[in-house]
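I wanted to go through this model and jot down what I looked up.

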Amino acid sequence: MKKKISIFMMFVLLVSSFLVGCSSKESGGNGDSGDGGDETTISFIHWRGEDSEIFKELISKFEDENPNIKVEMTVYPSEQYQSTAQTLLRDGSTGDVFTSFPGSQFEIIKKAGLFEDIAGEAFVDNFSPNLIKAGQADGQQLALPLQLVYNQPVYNKSLFKELGIEPADDWEGFLEMCQTLLDNGYTPIAFPGADIGPGQFMNPMMMNNAPDEEVFAKLMNGEAKLTEEWWVKTLAQFQELSDKGYIAKDALGTKHEGAIALVAQEKAGMLATGSYAMANIKDLNADLELGLLAPITVSADEAKYEGIHTTTFMLAVNSQSKKKDAAKKWIEFLSTPENAENYANSTGQFLTVKDVNYESAELQAAAEWLDKNTRFQPRYLIPNADVEKAVIASIQSVLGGETPEKAAEEAQKIVDQNIN
């Protein structure tokens, strides 16, 4: 009899343990913050594969400090992320914390109602107020831009000094600078026309041709057209750079990695993307001294802006997530100065977080741009993804041999279709 009771009690204990285990797993899946003893796993998705190692390090530290929260990171190629992020987020099972590009992707996700308003969270105060406006809409703080980047050419300072070249303050000077590089056997501008080049280089190329920061808003309501001088002139200047050999003839087949390699190998003087590529160049050639410059496409006395900046890699909480408390803890962790500083100096990125000490050579080289008169990236002010693609495609068309007027006309047709 005693033996039967003992066996029965063991069975009860086993069943009880099983049920408790099931309950714990379910609780974690329903958004426990990690403070109550239940374990939960949050999904963190983004597009910056080059930052994976430092994020793994930060995730490990976060999990040590928050033993009941695990972070599962998934990284997507940037172009795929642009087109699929909204679909990934819909059911709340992926991207408890996600990142967003400003501009058209932000607008798409906002319209889908997938951003959680985080305006009242204490960690918002970790960010510089004037640098998080790209994540604001309708009186809410829907996302927090983490990175501050300069979307303008990186250049080989050592090479420029050797050839006696100074960054120019007008269009004629920029052309002369390119010609000096060409005459000495260098490709003036490494241009990744197969992926991000057109969408990046368009920004400094048009910043003074169309100094009105509302130009793309006006384009979308019919007050401005791509067939007007501001855009046709920009396309004509792209054509001039191509015709004179300052942008290589095979640029439309060159990807960003290949363009970075050209600068690292000291075959090209400039890379037409942005400050975020400086660390990648230095990884390939640590001896290079790098700087930033922007083409001034007008005369010096007409120039309103000196360069382009963007606040991007916008951290957000998925409104469909069942783990919002844990998700907010991860953003809070990333935005503390100590952790942000580690991320900044490991990746060569300026950040929007306050009180960060920049130590890397790349960041110190670019620090002068913090005080220059720069403009928020115009491309990210195009609210419609199809129009954005048409604008970028018009640059590719010109580099492929189309006339600026015809390329602008074709792009405007797409604008008109979207307006109508």
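**Salt bridges**

I started with Arg-379, which forms a salt bridge with Glu-388, the closest N and O atoms being 2.5 Å apart. My cut-off for a salt bridge: a side-chain nitrogen of Lys or Arg within 4 Å of a carboxyl oxygen of Asp or Glu. Before going on, I noted that this is a predicted model, where local features need pLDDT of at least 70, side-chain atom pairs count only at pLDDT 80 or more, and totals for chains, interfaces and linings use all residues. Residues are numbered from 1 along each chain as its sequence is written, and side-chain values use heavy atoms, with hydrogens and water left out.

Are the two partners buried or exposed? Arg-379 counts as buried at 8% relative accessibility, and Glu-388 is buried at 8% too. I use buried for under 20% relative accessible area, exposed for over 50% and partly exposed for in between (1.4 Å probe, protein chains only).

In total I find 15 salt bridges in the structure. Next I checked Glu-53 and Lys-56, whose side chains meet in one at 3.4 Å, N to O. Both sit in helix α2 (residues 52-65), three residues apart, about one turn of the helix. Glu-53 is exposed, with a relative accessible area of 57%, while Lys-56 is partly exposed at 46%.

I then looked up Glu-107 and Lys-110, which pair in a salt bridge of 3.2 Å, N to O. These two are three residues apart in helix α4, so about one helical turn separates them. Lys-110 is partly exposed, with a relative accessible area of 25%. I also wrote down a network of salt bridges that links Arg-48, Glu-50 and Asp-51.

**Pockets**

How big is the largest pocket? I get a volume of about 1,400 Å³ for the largest pocket. For the record, on a 1 Å grid over the protein atoms alone, a pocket is an open set of points, where a 1.4 Å probe fits, with protein on both sides within 12 Å along at least five of seven lines; lining residues have an atom within 4 Å of a point. Grid points are joined across faces, edges and corners, and a volume is the space filled by probe spheres set on the points.

The largest pocket is lined by 45 residues, with Ser-78, Glu-79, Gln-82, Phe-101 and Ile-196 nearest its centre. Among the elements that give two or more residues to this lining are β6 (144-150), α7 (197-206) and α15 (385-399). The largest share, eight residues, comes from α3. I sorted the lining into 16 nonpolar, 20 polar and nine charged residues. Here Ala, Val, Leu, Ile, Met, Phe, Trp, Tyr, Cys and Pro count as nonpolar, Asp, Glu, Lys and Arg as charged, and the others, Gly among them, as polar.

The second largest pocket has a volume of about 290 Å³. Its lining has 15 residues, and Pro-167, Ala-168, Glu-306, Trp-369 and Lys-372 lie nearest the centre. That lining divides into 10 nonpolar, no polar and five charged residues.

**Backbone angles**

Most residues other than glycine have a negative phi. I noted Phe-313, with a positive phi near 50°. Phe-313 lies in strand β11 and is buried, at 0% relative accessible area. Asp-355 also has a positive phi, about 65°. I found Asp-355 in the loop between β12 (350-351) and α14 (361-366), exposed at 68% relative accessible area.

Note on methods:
Helix = DSSP H or I, 4+ residues; strand = E, 2+ residues; numbered from the N terminus.
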